[in-house]
Structure formats: C-alpha cells, structure tokens
Amino acid sequence: MAPRRGDSRADSRADLAATVGRPPAASAGTVVGRSLPRREGPAKLTGAARYTDDLIVPGAWFGFTLRSTEAHARLLGLELDPAFDWSRVVVVTAAEIPGENVVHLMADDQPALVADVIRHVAEPVALVAAADPATARAARDAIRLRTEPLPAILDPLASERAFARYEIGRGDVEAGLAAADLVVEGTYRVGYQEQLYLEPQAMIAVPGEDRGVTVHGSLQCPYYVHAALARALGLAGEQVVVIQEETGGGFGGKEEYPSMLAIHASLLALRAGRPVRIVYDRHEDVAATTKRHPAVVTHRTGVTRDGRLVAQDVDVVMDAGAYATLSPVVLSRGAIHAAGPYACPNVRIRARTMATNTPPNGAFRGFGAPQTEFAAETQVNRVAEALGVSPLELRRRWAYRPGDVTPTGQVLRESVGAGVVLERVAEAADYEPVRARTAEARMARATRPAGARTDRLDGRTAHGIGLALAWHGAGFTGAGERFLASVAGVERSADGQVLVYTDSTEIGQGARTVLSQLVAEALGVPAEAVEVAPGDTSVVPNSGPTVASRTTMVVGGLLIRAAERLRADVEARTGAPFATSYRTDAAQAGRVRFDEQFEGYPGIVWDDATHRGDAYPAYSWAAAVAEVDVDLDTGEVRVGSVVAADEIGRVVNPVLAAGQVEGGTLQAVGYATIEELQARDGRYLNDRLATYLVPTAVDAPRIEAILLEEPFAGAPHRAKGLGELPMDVGAPAVIDAIHDATGAWIAELPATPERVLAALEAREGRR
Amino acid sequence: MSETARVSLTLNGEPRTVEIGAGRTLLDTLRWELDLTGTKECCAAGECGACTVYLDGEAVNSCLVLAAEADGREVTTIEGLGSGGRLSRLQEAFLETGAIQCGFCIPGMVVAADALLRETPRPTLDEVLQGLSGNLCRCGGYTRICAAVLRAAGAADVTG
Ligand code: FES
Ligand code: FES
C-alpha cells in the first residue's frame, strides 16, 4: 500500500464539541488542505443570497405547464374552453416551437412539448403564461386534451426496446463458474429515489433583442441549457445567454432537467414579448422531474472452498422511462462498477436500460453506481456468510490492489485506496469486536425458547453492524472528458484582481471555495485574493457540466495549470514573486488571461465501441460501517451510526469535504431505509413532501467522516472526485447491518418495515 | 382579483402596511409584497421549515399562516436577525462549523435554531435534534447544524 500523505478526521455527533470547526490535520499547503469558510456563506446566512425565485423582474409573467395524465396515448388535439377569456394569456403548443422540438442531450428523442404521441404521465403538452399565477392556472385548467389511449409498457423487464446495451468482461465466466466450489446467486431490486433538492426547479426567461433570450435559473450545467435553447429556439449561440443563480441543491436533478424548463420559459417569454418565470411547486417537481433509475441486478458469484473469487456473472436492467435522456451513460457507469472493487479473473457484466411509458429517469448523485454497488456489496456479504468468513476478511483478500485489472481491462496503477479505507473504517468503528458481540446476542436470541422471548422487553430489538466497500470513477466515463475538451481560465485584470473563469457551478458542494483555494495556492496568494466570475455563459467558458465528481479533479486541474502560466508570465515581467508583484504589474501590462483546455490524462486509453480500456482516469474509494437497531415486532430499522472512510487523492478543504461525506451518507441511509416512491399505472403515488419521506434531524444517524489521501499523479493537485462516492456505500452497509442483527437478507431497497418483517418471517419459516 | 385586506404589522422592527388578496399567506406576502426574499418556499405545506419566521416571538411556518393573522403583530424574518449588518453569534457558528451547503434550508433553520436557543439557552444534543426536526436539510447530515447550535449556546467552547 502506498504511504499515506496525511489524513483528516472530521467530527461525529458524540465528539462534535471537540472537533467541529477545528481544522483537521491535512496535507501541507498554505491554502489547500485548510478548512476555509464557504465563500457565499454569509449571504446564505442572512437571506441576501439570491436564488432564482428571489429575483425581482418587473413585468414578468407567470408560466405554467399543462401535462398529460396518461402513460401512452395519441394526442388528437387541444380544446380551449370558449368561455375563458384567452386575450389575457399566451398559450404555446408544439406547433409554435421555432426551432426543433427537442430537448437536446444525447439521443435527442425527447420533445419539449408533445406533438403527437404522449409517452408518459406528466409529460408537458402545452404552456400558458399570464400576468398573475391565478389567471395562468385557470387558463391551464381551461385546456382539455383530446387523446386516444395506446397500450402502455410499464415494466422494464417486459419492454423490448433498449436505449443501450453493454457487455463488459474478461476471462471465461462459464468455465470459472463450472470450476468453482460454490456458486452464490442473488437478485437485487432498487426503486426510484427523488433528489429532493430543497429549492424546486426554477427558471426565468427574459427576451432580448433580435429574438434572443437570457435565462436565469437554478441549474448545474449552464452550457447544457445553452445548447438546448439554441436548438429548440432555432437561435445562434450568441443569441442565448444562460445565467446560473444561487442554486438550492441539485444532486443531479438539475443536470438535464433545467434544459426543458429553460426552453419552456423561453418559448413563453418570446411569445409574450416579456419575461416569464416558471417555478415548480414541490408537487409538480416530484411528479414531473427525473428520478434515480429503478433497477434489477442479478449476480452469480463463483468461489473456491478456500475463499478465492473465481467468477462473477452480473446482469443489470435499468428502467429508463420514456426517453433516453442520460440513461445510456447512467447504465455505462452502473455497469462498469457492477462487479464491485474486487479482483476477479473471470467477469461478465451484461447491462441494458429499457424504455417504459414512465417519466424519464435521470442523473442523481452516483449515476447508476449506487444501484449496482448495492447489489454487488450485498452479494459479497452473502458470499462471506456462505463461506463462514468475516465480511472484512473477505474484502481484505479480494479488494483491488495496485496492479489489479478491472472488468474493462484497466490496470490500476496508482491511487488505489480500497485497502486503506477498509482498515481505517474497521478500526474507527471497532468493527470486529462489535460484530462478535452482535453474533453472541443473535445466538442467545435464537436459542432462547420461543415462549420466553416476549417476556424480555429488550429482547425484541436486535442490534447489528454492517460493512460495505465501494469505488467510484472520477470524471466522465471513457472518452467523455476528451470529447468535452473543457476550458477554464484565470485572469489578472487591469485593475489588479485575480479572477477565475469557469462555468462549474456552486450547488452547495463548495465549488466556489475549493476552486479559489486551488488557484490561490498555485499563485501563492491568499484565497481571499481570488474572485470567481459569475456563472454566465456570456462571461465564462464551457468547462463541462458540474457532474460526475469532476469539478475538483478535472476543472481544478485546468485552473491550476492556467494559474501557473499566469504566475510565470507575471514573474517573467516583474522578476518578483507573483504575490508581491501582480498588482503593480497590472498598471503596466493590463489585463492578462490564460485559458487551459483539457487534453487527456497521460496513458489513458478507451474504446467506446467495445467498452474496453481505462474507464476512468482515477477512482475514489469508500468504506462504511453502519450500526442499526431493528425492532423485531414492527420491522422498523433505526440507523444509529455510520462511520465512513473516503479516499479522494487530496483533501482540498476538509470541512467542506466532510460535509459532502455526511450529506451523501444521509442520502444513502434514506435510500436504504425510508425513501420510496411508489408508482401505479406510470404515475407516482406519493409525490409530495408529506408522503415522500427523507431523513430529518431525529432520523439521522451519528455520522463520522474519515478523509484519506492516496495521491493521484495525473492531476497537478493530486485530487480525485468526492461528490458521489458516499452515495455508493451507505445503503449496502445498512442492509448488511440489518442482516447482522436479524439473520435476514433484504434484497430490495428500501428496507421498509413491511419488507423487514417479510424477510424475518421467511427466515423463521425456513427454520 | 378577489377581495383585498389591509394588514398592518411590525416587520423586523419597522411598522409596515400592505394591501393583499384575502387568503394570501404570510410567506407570499413577505416574498411578493414586501420584497423580503430571504424566507424560502420549498413545500408550501408545512413539511420542511424553509419558510420559518418569528410571529410574536414564536417560530412558525409562514406558508401555513395567513397574512391576515399577522395583522397587529410582530414578524421577524431572517433579514431581521443579526444587527447592523453583522452576523449573530448563531450565524457565525453556522459559518464556522460548515453547517451551510446549498443554503436553501438555512434561513428557516437559523430562525428555528434561534427560537430553540431562546426557549432553551443550554440545550442538550437531543433537544437540538428534536427542536430542529421540523426543518429539513437535504445537503448535510445535520451534524454540523447541531454543532453550530451547541457552539452558539456556549456548550462547545472550541479553540481553533
Ligand atoms: S415551505 Fe413552509 S414548511 Fe415547507
Ligand atoms: S444546505 Fe442545502 S438543504 Fe440544507
């Protein structure tokens, strides 16, 4: 194992008094590695920060969306109620779209408004706007859709249309399984998960001169929106400006969907000749926008009697919904991670994402990996049980080490943190000693006479501890980063300011703070000396989308290189260190700016057609240990604590990084236990905050985040990605803990009381 | 437009009078009539606490309160906390502990936490968790928010 450059340990509730806010010991550096406070923190604390719906836009009208109520139907026409006064509103249908009726993304199969066929419930069919919300809503309700129903396909396993299929593998799986002493089979299911960013989707479109448009919105990817607007409105790139306002969370939910919203608001604004704002209420946001893909994952794992892993056969089916959106790449990431971070000579991963007449699923933190890694980890824990070895011990034997080869044929050369996260998490959580105690308690319960059990009050709650390990490729999959060819720049302005130019957005993860820290360190100036230019496409270049845990690693790397060039340029002129000379140099040299374009990491080769090669330039690694209490009468699961160790190359800002681990872990705990979106006939049933539950302060476990560093030489600052990683590992750790407590395996997320009771009964029945 | 009503209230210490449509919520009135947009709307159904303000010294979900109910009463919003453009001790603590991420829950969270500390100046961790259980945060793990409240209460005297 490579030597640790340093690590930092963040707080837990138990000892938060001692550690929160204290800068953890991290790698050296004057600016990088320090927990500088979030830049926009004071504005967010005082209510001064402006989110989209906070913008006061004089004369703006209010836009609303008329949506389908059927899963599949032919649209025959729209009937406008003649009794309504239509002179006070504008209405836009597919016929009025000036450009192509498409929300440009990958396959370009999703219309901005239904033209002839409705393919899912809540699909946008028409738009209305008026001077006040009540009038606009009344107008929407005065339009009736004439439709003719078509048969709907709701089950991805029954669907014959795939948006993408992949087969990845190495070795000979059938021969490996045939030679194995033991083959463990398992099928795992995961349902929808809603991002539930607290700020609902919001967009304001302002018509400009020459039929151009400027949109202000809550979004992650300004240039996605920019490209989609130009396409749908038939405008040249210069006629479109996209401005990201303060954004109240995204988690992937504001990756692709804001393009749809921006098109809608712009169509209305151009039609009305005035600004139009569309802000979804919570109900519309949950009912209509993208979710995490439901999936069914099947495993066959072959092992030898002495516990060697010889074959993994994995089958993944994801429900894409009605349009492709990002499903092919979600599936690709899910498939590449589907065997887990384990060395195995014979692997086959077959994956497909199927069309159904349900609302399209899309990006959500983890992007396909949480689904497949839940299955992979639960499978490994079941193999450990079958072999009678500890889940920790089995992972010690199987987990990737430098030199190992992944299913796509990638040789892991460096920055392989699987071993270090496992050891640190096991030590911090006291994993084996606690596991020994829970095993004893389980044994005592099992041997107690049945009648005696109810006499003991404390006997009806079972405590368990569970472990999981995960990897997460940082950046776009395969050749994605090369295609993006991202640009980011650093400027010393004529008045002596340092400015960072990137469209990477601050969505709560701390991008603004972290990127300015990286630039400040490269220039040798304090972080406060660095300003970040506003996220406005007329000002900043396209640095690629703010997704895929790529901002710190990829965009941060570009900015450091740009800053180094700026520093060299100024120092060559002044003969003095940048920090002491850049202001005076401004008077003579004026504005100087250096842009860097991404050109690829050295030695990274990928073939998209065969899905072979270096799937990611680097991987981040996480292990988590969860402890739960299961009420054996009600089936309720209470997650008491999660210890998470995340290895991310280099920790730029320990407090912000720990915040990512804590928040991602809590979302994973929600995914494992309470977050369930039920659907019937292609419609979500519990599409409100009162019925789709997310963890509150009292539900949240004590979370301890441990940050570790195995430097990644491919990046100038040695950092890898973090944002998504914690989401991969929390759920399987919780499910393993439920098993440790009860002996029952939960094969479908979330582990609702009903599912836990059913699993307990199935287990008792077997005895 | 339906009937209107005149509402006079003391808002962040200043007397204000607005003419509003009957049935308008306090949240809408703050954001749309009084241009105080620090208070957020997330669910409009009393489920998230993003819209928390003080009404006569009590923390309420302003999306569930009719503006008419605020007539003759005192309303304090996030804009009214802190003094002279300076952060309050509680706000400082949020900044120091890293309790803020996207920030959308934060105005409501700060008002709710402020109310909690007025009621219980030296809360235990459990009291903080209970007291903030009506305020959702989707970004963090609640750990840092609790730490901020405890720090502001002086329960956690930490030196850097
Ligand atoms: S907006 Fe008032 S409680 Fe959610
Ligand atoms: S900081 Fe984003 S919801 Fe709390």
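Here's a quick briefing on a helix pair, a sheet and a chain contact in this structure. Keep in mind that the model is predicted. In chain A, we look at how α14 packs with α15 and at an open sheet of six strands.

- Helix α14 (residues 511-523) of chain A packs with helix α15 (residues 551-574) of chain A at an angle of about 35 degrees, and their axes are 8 Å apart.
- As for handedness, α14(A) and α15(A) make a right-handed crossing.
- On the α14(A) side, the residues that meet α15(A) include Val514(A), Leu515(A), Leu518(A) and Val519(A).
- From α15(A), the residues taking part include Val555(A), Gly556(A), Leu559(A), Ile560(A), Glu564(A) and Arg567(A).
- Sorted by type, the residues of this contact come out as 12 nonpolar, three polar and two charged.

**The sheet in chain A**
- The strand order in this open sheet is β8-β16-β15-β14-β9-β29 (chain A), with mixed pairing.
- At the edges sit β8 (162-170) and β29 (748-749) of chain A, each pairing on one side only.
- Strand β9 (residues 182-190) of chain A runs parallel to β29(A), and two bridges join them.
- Opposite Leu749(A) in β29(A) you'll find Val190(A).

Key: Residues are numbered from 1 along each chain as its sequence is written. Chains are lettered from A and ligands numbered from 1 in the order in which they are written. This is a predicted model: local features need pLDDT of at least 70, side-chain atom pairs count only at pLDDT 80 or more; totals for chains, interfaces and linings use all residues. Axes are lines fitted to C-alpha atoms, for helices over the stretch in contact, and angles run from 0 to 180 degrees between N-to-C directions. Helices (H or I, at least four residues) and strands (E, at least two) are DSSP runs, numbered from the N terminus. A crossing is left-handed if the near helix is turned anticlockwise from the far one by less than a right angle, and right-handed if clockwise. Two residues are in contact if their C-beta atoms, placed from the backbone, lie within 7 Å. Ala, Val, Leu, Ile, Met, Phe, Trp, Tyr, Cys and Pro count as nonpolar, Asp, Glu, Lys and Arg as charged, and the others, Gly among them, as polar. Two strands pair if DSSP finds at least two bridges between them.
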